[in-house]
Amino acid sequence: MIGNLNHVAIVVPDLDSAGRLYRESFGAEVSDPVDLPEHGVTTVFVNLPNTKIELLHPLGEGSPIRRFLEKNPDGGMHHVCYEVEDIGTAAERLKEQGLRILGDGNPKIGAHGKPVVFLHPKDGIGTLIELEQT
């Protein structure tokens, strides 16, 4: 069911510094920041030959990652994202198996403009898993 690893997301306390690290120290291609108010985050993507790193920073007081950053002030890995061919079919299959889709259980449009769902970390061996339709 799952395909390629799409990205690994890292919550960072300072997007500028994190982007500069990847651009200047590692020589990676780094996108401009994009605010995603519907998700409460600002994202920057680091493009690698085989995948991407998503740098996340809270956007607004109601950001779902604000608490993560409060508990982990230096930042840290937030989630992994895998590609799936059909997000609706994948979500239904997982729900039938008893896995919990966060939110209202329906796909939302993610940072790449494609439908995504997130699985509860307790159902992902302690890891927040995002599925993104290809």
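**Exercises on a predicted chain**

Buried residues (under 20% relative accessible area, 1.4 Å probe, protein chains only) make up 39% of the 134 residues in the chain. The model is predicted, so local features need pLDDT of at least 70, side-chain atom pairs count only at pLDDT 80 or more, and totals for chains, interfaces and linings use all residues. Residues are numbered from 1 along each chain as its sequence is written, and side-chain values use heavy atoms, leaving out hydrogens and water.

**Exercise 1.** Compare the radius of gyration of the chain with that of a compact globule.

*Solution.* Step one: the radius is taken over C-alpha atoms, and the globule rule is 2.2 Å times the number of residues to the power 0.38. Step two: for 134 residues the rule gives a value near 14 Å. Step three: the chain has 15 Å, which agrees.

**Exercise 2.** Trace the pairing of strands S7, S8 and S9.

*Solution.* Step one: strands (E, at least two residues) are DSSP runs numbered from the N terminus, and two of them pair if DSSP finds at least two bridges between them. Step two: S7 (residues 108–109) and S8 run antiparallel, joined by two bridges; Lys 108 has Val 116 of S8 as its bridge partner. Step three: five residues lie between the strands of this hairpin, where Gly 113 takes a positive phi near 75°. Step four: S8 is also antiparallel to S9, with four bridges. Val 116 has Glu 132 as its bridge partner in S9.

Notes: Buried means under 20% relative accessible area, exposed over 50%, partly exposed in between (1.4 Å probe, protein chains only).
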